[in-house]
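Work through these exercises with the model open in your viewer. Try each task before you read its solution.

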Amino acid sequence: MNENSRLALVFHALFIVFLMAPLVVVVAVSLTAEAYLSLPTTGLSLRWFYALFENRQFVDSFLFSVTLAFGAATLALALMLPVALAISKSELSWVRALEAFFLSPLMLPAIVIGIASLRFLTAIEMTGTYTGLVLCHAVVVSPFVLRLSLAAATGLDQNFERAALSLGATKKQVFWKIVLPLVKPGLISGWILAFITSFDDVTVTIFVASPSTMTLPVRLFNRITESTDPIIASVSTMMLLLAAATMLILDRLYGIDHLFSGSAKR
Amino acid sequence: MLSPNSRAVATDAGLPRATQRNWNGARALAACSPALALYFVMFCIPLVLVFALSFRTFDVGTGQLQDGLTFARYLEVVSDPYFQEIFLRTVGISLVVAAISVALGTPEAYILNRMRAPWRSVFLLVVLGPLLVSVVVRTLGWTILIGNNGLLNQALLSLGIIEKPLTILFTNGAIVLGLVHICVPMVVVSVWTSLQKHDTATERAAISLGASPLTVFTKIVVPQIMPGILSGALVAFSIAASAFATPALLGGRAVKVVSTAVSDEFLGTLDWPLGAALAVLLLAVNMLIATLWNKAMRARFKEAFK
């Protein structure tokens, strides 16, 4: 294939600058020595990272977000793996139609899920509880887990299972020793994608969180609307680092283009 | 943040279903029942409740819901110029965001696809990586850049290009800027997926017949990847029309879109029925546009969906 032209490379460079500019700026500002949002022109300083680690509210929110994302991703995986297997192993049209149903939270504006969850959790008096938030996030992240486990399950070569059965393996052994290891990269990737999606969510969570169950992005969002101290930049930088680490893991495990287009790993 | 439309991409990019299909209905139902229970309780019931809520009235004095069902909240939204403006702004911003995202994302996907190792995978990570970063963080970057005392204004002032700071933050333009940043990687994904199935022989043929690179791109490549471009446009539109955090932070208190108006009703004035009616209308607009768009696409590109 021939080379990109010079014009194309200029376009590409500008495109990358546009995508990276706000992220680079956030990291740069987090290293400022001043007491306001500014570039670190007078010298680099980690004072806003120290301020962050000493800020009980942000530390608590971070820990809560991690627990919440862990619970939601794990629940979603536990519920969606059997669904993925059923869809990939059944001929029945109503089972196949379940795929669209289970993916449908993706099609709705997140704010609709947010207010619906608020309405429902208020009615059963569970707003702001850990259980309420985990259940609500599990619905939000389930489509991601389902897509990746479905891609893994449908890409499964039936011959491995047949071979194991013909060699005398029990059905249980086939599942644990053959099926599970083969779909594992898809499942782990689905779990990680679900984790980061839950961890990053603002639009649903802002409606159902209480002051004691406020997630990190929601606390950050509220802080940005009321003040401009550089701690918002250091929190953001930490979240960027987490996203970057997640991205590298997912790329190694699954391939980032397949991850977002929902196709199977090759 | 994945697309409402990526399912279409998923089914045609997925591997052939080679699995033996031997599960009966009872077994499939048993496997799906825990998930169905979760969705029924946490998804179906809440949606029905919100839909019902939009037909109720709310007493400002007591803060209580009143008995009886009414269309009044919908009439209120449809007839009030304040809400009309908000809906028009939301649709307008989303159309502009979709157009710009396609105009930037399509050539970028093509350029990425033509890159050599290792640049191809490095830049693919750089372009798609931001999808894993919280929208709050991405939007904060823009508020720092385009604020009245922001870096852009400081730079332009010190270079003497402008005499007083430009007002960019808290305008429609700021919301468009922030949303393009969020939507454009999704367009790249969609076009990229199309490009993987695209046959480069036609490109080589065009070049050997003397076509310029630009002609090859516009006349040969773009028509072949049109389904990817159009589904990318729909994804960008849907994300933009439903976005909350970005318009909230970049539009401020003055420039409202539908989702920020919904949150005002639910978290501010506490008129939940009005907020529910706004949300139901937002959902309806989204679904209407997605259905019409998909229908038009399927009619135009029958082969691509087989």
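**Exercise 1.** Find the helix of chain A that holds Ile111(A). Then decide: is Ile111(A) buried or exposed?

*Solution.* This is a predicted model. Start with the place: Ile111(A) belongs to helix α5 of chain A, residues 110-123. Next, take the relative accessible area of Ile111(A), which is 0%. The cut-off for buried is under 20%. Ile111(A) is therefore buried.

Ile111(A) and Asn4(A) are 107 residues apart along the chain. Their C-alpha atoms are separated by 41 Å.

**Exercise 2.** Treat Val258(B) in the way used above: give its helix and its burial class.

*Solution.* Val258(B) is found in helix α13 of chain B, residues 258-269. Its relative accessibility is 1%. Buried means under 20%, so Val258(B) counts as buried.

For the distance, pair Val258(B) with Ala98(B), 160 residues apart along the chain. The C-alpha atoms of these two residues are separated by 17 Å.

**Exercise 3.** Describe helix α6 of chain A: its span, its bend and its surroundings.

*Solution.* Begin with the span. Helix α6 of chain A covers residues 130-154, 25 residues in total. From first C-alpha to last, α6(A) reaches 34 Å. That is close to the 36 Å expected at 1.5 Å a residue.

Next, the bend. α6(A) bends by about 45° at Val141(A). A proline, Pro143(A), follows within four residues.

Last, the surroundings. Of the 25 residues of α6(A), 22 are buried. The helix is therefore largely enclosed by the rest of the structure.

**Exercise 4.** Classify the packing of α4(B) against α8(B). What is the make-up of their contact by residue class?

*Solution.* Locate the helices: α4 spans residues 81-114 of chain B, and α8 spans residues 172-196 of chain B. Their axes come within 6 Å and cross at roughly 45°. The crossing is right-handed. Their contact has 20 nonpolar, 6 polar and 2 charged residues.

Methods
Residues numbered from 1 in each chain as written. Chains lettered and ligands numbered in written order. Predicted model: local features only at pLDDT ≥ 70, side-chain atom pairs only at ≥ 80, totals over all residues. Heavy atoms only, no water. Helix = DSSP H or I, 4+ residues; strand = E, 2+ residues; numbered from the N terminus. Expected span 1.5 Å × (residues − 1). Bend = angle between axes of the 7 residues up to and from the residue. Buried < 20%, exposed > 50% of the residue type's maximum accessible area, 1.4 Å probe, protein only. Axes fitted to C-alpha atoms, helices over the stretch in contact; angles between N-to-C directions. Left-handed = near helix turned anticlockwise from the far one by under 90°. Nonpolar A, V, L, I, M, F, W, Y, C, P; charged D, E, K, R; others polar.
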